[in-house]
Amino acid sequence: MPRLTFVEFDGQTREVDARLGETVMRSARNAGVEGIIAECGGSMTCLTCHCYVTLPESGSLPEPSANEQEMLDCVLEARENSRLSCQVVVTPELDGARFDIPQWQG
Amino acid sequence: MTVLPKLRDLEDATFSPFMEESLLFGAHDDPYPFLAELREKGPVLKADYRTVMGLGPDITFPADAPHYMLMSYEACSKALLTPSVFSNQSYMYNLGACFGRSVSTMDAPEHGRFRRIFQKVFLPQYVKEWGGSVVDPVVNELLETFIHEGKADLVNQFTLLYPFGVIYKQLDLPPEEGKIFHKLAVTQTLVSVMRDKGVEASDKLGEFFPRLIAQRRANPGDDLVSLLVQTEVDGEYLPEDVLVSFFRQLINAAGDTTYRGTSVLLANLLKHPDQMEALRQDRSLLPNAIEEALRFDGPVLEQSRWTTTDIDFFGTHIPAGSLIHVMAGSANRDPAKFDNPDVFDIRRPNANRHLSFSGGPHICIGQHLARVEMTRAINAILDRLPNLKADPDMPPAQLKGAMMRVPHHLHVTFDPS
Ligand code: HEM
Ligand code: FES
């Protein structure tokens with residue numbers, strides 16, 4: 001199981017062993033990561049699953065789809081490494097990735 | 001240039017839908033203690049919310065369908081996030097009857113197809129621009145009608161007017177058409193209790209909007225109608241009937257809710273002058289204050305759903321074809337989710353976890369706009385009405401309603417300017 005690290009805005013850190021094929025959003029929600037709100041349940045309509053992804057050297061992650069990119073252009077506090085966690089699927093290449101959660105979701 | 005089409009008023013032009021609202025929404029002072037009592041009985045109850053509140057049933061629903069109320073935060077949230085079982089077909093009966101092919105009545109995959117086109121226009125980035133270009137002028141114009149007087153009824157002179165002013169400006173309707181539009185839009189929702197009036201109003205809006213759409217297609221401007229007719233995703237445009245029902249729905253979905261939400265926030269700030277003062281001093285508290293008002297007394301107490309299959313849900317067997325009342329108003333006061341849920345606290349850490357904008361794929365498309373409108377309105381009020389207080393010579397604000405909540409007056413005093 002790939003191990004993911006979630007860092008809440010207040011610095012609280014949680015390591016989660018995520019199931020392959022699950023979305024990062026669901027792995028976070030199941031583990032009780034509060035800052036991933038995911039109001040729309042992964043329909044890509046709410047922007048409240050936003051996080052900043054840092055991959056380990058060996059890791060990789062597919063580029064966002066055109067739809068996700070369009071949504072990412074609209075999140076509050078967007079950064080270069082912004083992603084919607086409901087659109088990121090857990091793969092072996094994600095092992096060791098770190099997800100920082102912004103102060104404001106939406 | 002093509003001319004703007006005319007809206008036709010109701011045959012009985014004296015009919016005021018605003019008087020009939022209590023039939024639809026109830027006039028209860030405080031439904032929350034009763035909701036708490038029900039919630040203690042269990043997360044799922046076999047009951048019809050309208051009936052338990054002593055309101056007439058919704059005559060558009062199939063009379064033989066069983067009704068269930070979801071009371072706990074967990075049950076409500078779970079149902080909203082399980083749309084394959086808890087479908088939005090429930091709205092075909094009432095909203096479908098007055099608005100037509102509205103996104104609220106659709107399920108996947110049809111819903112997502114249209115929703116992502118509408119959504120494009122309502123994302124935070126675009127909405128922020130409306131804050132300056134549309135919301136601020138409407139807010140300031142209204143405040144200027146009374147800031148020299150030193151007293152006002154903030155409901156009748158402000159909150160009841162500004163979200164509708166925003167809509168007329170967004171649609172680029174002349175203000176006199178706006179009034180008839182507002183009346184027809186409210187009348188159509190009475191379809192659940194006064195069928196003929198509702199249908200008449202719905203028909204009249206239904207003849208107006210296709211003409212307005214045609215006019216804007218011919219002369220596009222920067223208004224919402226022009227914008228929506230031109231918006232596409234992957235080459236797909238919105239069909240006319242879906243657009244028309246969206247505009248029909250706008251007064252209620254956008255205007256009525258924002259009027260209520262803003263009034264609830266102001267009522268609670270007036271009731272807690274210490275919190276109002278803290279907010280006046282530190283505006284970074286405003287986003288959370290808005291969330292707390294929506295949690296504490298969210299204007300929409302329930303969403304409805306329709307079960308597509310049998311399901312065992314939190315210990316209760318719910319058969320397919322049941323009408324589900326997702327009681328957001330109860331979830332928002334569930335002590336399992338919110339500490340001291342009956343306390344209004346603008347600093348509450350998890351206030352934004354309320355279900356007042358619903359959840360799942362139908363989560364409010366206008367939530368970012370609603371927040372921008374409320375932010376602009378409250379900031380302008382705090383900036384321009386110094387020393388704002390509840391008027392001690394008038395009765396204190398009283399929220400009313402069981403389905404939708406609002407205070408009918410907010411009498412205030414302030415330093416005139
Ligand atoms: C404080 C203000 C508002 C509140 C409390 C509110 C509440 C809600 C709720 C509870 C729903 C979901 C109903 C369901 O689950 O079936 C909803 C949906 C919707 N709202 Fe809002 N709303 C507000 C403002 C707005 C505004 C400003 C707009 C303007 C565009 C808007 C447009 C819509 C639309 C079109 C839907 C249907 C979405 C869909 O079914 O996919 N709302 N709103
Ligand atoms: S969960 Fe709503 S956009 Fe990701």
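How many disulfides does a search of the whole structure find over all chains? The search finds zero. A disulfide here is a pair of cysteine sulfur atoms within 2.5 Å. In general, a disulfide is a covalent bond between the sulfur atoms of two cysteines.

This is a predicted model, in which local features need pLDDT of at least 70, side-chain atom pairs count only at pLDDT 80 or more, and totals for chains, interfaces and linings use all residues. Residues are numbered from 1 along each chain as its sequence is written, chains are lettered from A and ligands numbered from 1 in the order in which they are written, and side-chain values use heavy atoms, with hydrogens and water left out.

**Cysteines**

Take B:Cys76. Its closest cysteine sulfur belongs to B:Cys364, and the gap of 17 Å is too far for a bond. B:Cys76 is buried, at 0% relative accessibility. Buried means under 20% relative accessible area, exposed means over 50%, and partly exposed lies in between (1.4 Å probe, protein chains only). In chain A, A:Cys40 is also buried, at 2% relative accessibility.

**Chain B overall**

Chain B holds 18 helices and 14 strands. Its radius of gyration is 21 Å, close to the 22 Å from the globule rule for 417 residues, so chain B is as compact as a globular protein of that length. That radius is taken over C-alpha atoms, and the rule is 2.2 Å times the number of residues to the power 0.38. Helices (H or I, at least four residues) and strands (E, at least two) are DSSP runs, numbered from the N terminus. Along the principal axes, the C-alpha atoms of chain B fill a box of roughly 60 × 55 × 45 Å. Of the 417 residues of chain B, 59% count as buried.

**Around ligand 1**

The shell around ligand 1 has 26 residues. A residue is near a molecule if one of its heavy atoms lies within 4 Å of it. The nearest are B:His111, B:Arg305, B:Ser358, B:His362 and B:Cys364. By type, the shell divides into 13 nonpolar, ten polar and three charged residues. Nonpolar covers Ala, Val, Leu, Ile, Met, Phe, Trp, Tyr, Cys and Pro; charged covers Asp, Glu, Lys and Arg; the others, Gly among them, are polar.

Four elements of chain B each supply at least two shell residues: H7 (110-121), H14 (240-271), strand S7 (303-307) and H18 (367-384). H14(B) gives the largest share, six residues.

B:Cys364 sits in the loop between helix H17 (328-331) and H18 of chain B.

| Side chain | Distance to a ligand 1 oxygen |
|---|---|
| B:Asn88 | 3.4 Å |
| B:Arg305 | 2.8 Å |
| B:Ser358 | 2.6 Å |

**Backbone details**

The peptide bond from B:Ala108 to B:Pro109 is cis, with omega near 0°. B:Pro109 lies in the loop between helix H6 (95-99) and H7 of chain B.

A:Met44 is not a glycine, yet its phi is positive, near 55°. A:Met44 is buried, with a relative accessible area of 16%. Its loop runs between helix H1 (24-30) and strand S3 (50-54) of chain A.

B:Phe314 is not a glycine either, and has a positive phi of about 50°. B:Phe314 is partly exposed, at 30%, in the loop between strands S8 (311-313) and S9 (316-318) of chain B.

Conventions:
Polar contact = N/O pair within 3.5 Å; in protein donor to acceptor, adjacent residues only side chain to side chain.
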